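Let's take a walk through a protein together, one feature at a time. Have a look at the picture below, and then read on.

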Amino acid sequence: MQTIQQTGLSSLEAQLAQDLEFLELPAKPWVPERKHDGKPVLDVVVIGGGMCGLAATAKLILSGITNVVAYDAAPAGLEGPWVTFARMQTLRSPKGLSGPSLGLPQLTFRAWFTAQWGTQAWHLLDKIPKGQWMDYLVWYRKVLGLPVRNGVRMTGVTPVDDLIAIDIDGAETGRILTRRLVLATGRSGLGGFAVPDFLKGVDRAYWAHSADDIDFTALKGKRIAVIGAGASSMDNAATALEAGAGAVDMLIRRKDMPRINKMTGIGSQGVVHGMHELPDAWKWKFVDYTATTQTPPPRSSTLRVSRHANARFLLDCGIVTVREDGDGLLIETTQGPLRYDFLIAATGFSNDFDGRPEFAALAPHIRKWSDGRQTPDMGPPRRGMSEAPDLGPSFEFRERVAGACPILARIHCFNDAAMLSHGKVSGDIPAVSAGADRLVRGIAASLFAEDVDTHFANLVAYDTPELHGDEWTDSTPFLHKETAA
Ligand SMILES: Cc1cc2nc3c(=O)[nH]c(=O)nc-3n(C[C@H](O)[C@H](O)[C@H](O)COP(=O)(O)OP(=O)(O)OC[C@H]3O[C@@H](n4cnc5c(N)ncnc54)[C@H](O)[C@@H]3O)c2cc1C
């Protein structure tokens, strides 16, 4: 069995290699070498070796931009949420998505899966186990030989002339220079955890964010509150229940659970390629509507909670205050006071830069939607949208004040925070290849334009003859004679 599986994967890898050869990929490197004070300069640094970072790095290299390095703070194989704080059992998305495959059939999850377990197993598979998705991403990186360096955190970004200096720490330390920076930093890409005001000041011994590293065994027998009605709240509640929690209450502000996954329902290539071209008011309208109607948790995740007799769904239960006392947590809700030992806040992420000291030098200069792109006809400011960065066509930041920080045009926000400007092409699985394509086209065009003198000089200097002069006979004198007669 083991041998068959290995043969399957190596045969897939051989097919992939052949496809790449047929397509003449990777394209030949074309970006002129750049130095600064005699030291080498990278063409692109990608921060983040999760799914978006891998797709972006792969697309850059396939496009002949090869002087590229990706860094990830996490150890290899632990990038992103999949085997760390994602507490679902399977992916939320359907299994057939082409994900980061960049248009190459042999790079899809399906090809990777069927090469090892066969077509019948594929048909029997319901949703992708999250650990298996991580295994696939590990393979993706390996088979493409992507230059990802793990255990390296970016700690600062500063402009140096027309370059970007990046401070790194961890397995590699120091300052590196690059011409372009791609921030594939994930769902909390520019900010951190979104923490409701009522939790500020509450002792962290009594609560955790759903993306924290939570010791669920310590919750055995305890009374647990989980805030939220989204996928992560279900996953965390279920994990607590399965670990033997005494009782778990889902505290849900809404009167009813969101039931319909609206954006998935209208998913199409039109949405993928058309959203970022829409007028701003329309972009706002789509994102605002989706935020208002909310995305329901998957049915299987909800059942994973409700099948426990000691789980309760408390709807219309807004939280007024939370405080700790001798008996744990006392939560005042719109339904009255409730007591718990521990609370898990599945309250999502923010993009307000507060949680990211590495962006301190840039943050004040980054233009947001609230800096003029959001107009009164779009309605009142909305948290999560108003502070979204106002990005250019290749995910590049824009300056709040023209000329104050021009390097921003070379820094690309390829993460969840790009959604309002670009649609969902830089976070979720379905359209990440389209996002990587859009990103890399922009980077390629801007690098080419920046080096145009060199490219023109190369044009002038190019002297390999196509014709050697022996391919034809010059009959011009004869023609002249005819004309003269
Ligand atoms: C719990 C959960 C479940 C999800 N399930 C699904 C799903 O089923 N289907 C779907 O389509 N989408 C899902 N998503 C959304 C999305 O697909 C994932 O968030 C996905 O991981 C996005 O990939 P990414 O590369 O943008 O971010 P990540 O995978 O989070 O990768 C970002 C990487 O950047 C690194 N990093 C960040 N800052 C730095 C720094 N300063 N220096 C160095 N490294 C840094 C991090 O270590 C991390 O590995 C889920 C998201 C979450 C949170």
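**A guided tour**

In the second largest pocket, the largest share of the lining, 3 residues, comes from strand S8. Keep in mind as you look around that this is a predicted model.

Let's stay at this pocket for a moment. The second largest pocket has a volume of about 210 Å³. How do we find such a place at all? Rolling a probe the size of a water molecule over the atoms shows where empty space is left. Here the residues that line the space are His36, Asp37, Lys39, Pro40, Val41, Leu42, Arg175, Ile176 and Leu177. Strand S2 (39-40) and strand S8 (174-183) each supply at least two residues of this lining. Which kinds of residues are they? The lining of the second largest pocket divides into 5 nonpolar, 1 polar and 3 charged residues.

Now step back and take in the whole chain. The protein chain has 485 residues, and 48% of them count as buried. You can find 13 helices and 19 strands in it. Taken along the principal axes, the C-alpha atoms fill a box of roughly 110 × 60 × 45 Å.

Next, let's visit a sheet. Strands of a sheet pair through backbone hydrogen bonds, either parallel or antiparallel. The one to look for is an open sheet of 3 strands, in the order S14-S15-S16, with antiparallel pairing. Its edge strands are S14 (319-325) and S16 (336-340), each of which pairs on one side only. From one strand to the next, the twist averages 20 degrees. Strand S15 (residues 328-333) joins S16 through 5 bridges in the antiparallel sense.

Our last stop is the cysteines. A disulfide is a covalent bond between the sulfur atoms of two cysteines. How many disulfides does this model have? With a cut-off of 2.5 Å between the sulfur atoms, the count comes to 0 disulfides. Another cysteine to look up is Cys317, buried with a relative accessible area of 2%.

Notes:
Residues are numbered from 1 along each chain as its sequence is written. This is a predicted model: local features need pLDDT of at least 70, side-chain atom pairs count only at pLDDT 80 or more; totals for chains, interfaces and linings use all residues. Side-chain values use heavy atoms; hydrogens and water are left out. Two strands pair if DSSP finds at least two bridges between them. Helices (H or I, at least four residues) and strands (E, at least two) are DSSP runs, numbered from the N terminus. Axes are lines fitted to C-alpha atoms, for helices over the stretch in contact, and angles run from 0 to 180 degrees between N-to-C directions. Buried means under 20% relative accessible area, exposed over 50%, partly exposed in between (1.4 Å probe, protein chains only). On a 1 Å grid over the protein atoms alone, a cavity is a set of points where a 1.4 Å probe fits but cannot get out, and a pocket is an open set with protein on both sides within 12 Å along at least five of seven lines; lining residues have an atom within 4 Å of a point. Grid points are joined across faces, edges and corners, and a volume is the space filled by probe spheres set on the points. Ala, Val, Leu, Ile, Met, Phe, Trp, Tyr, Cys and Pro count as nonpolar, Asp, Glu, Lys and Arg as charged, and the others, Gly among them, as polar.
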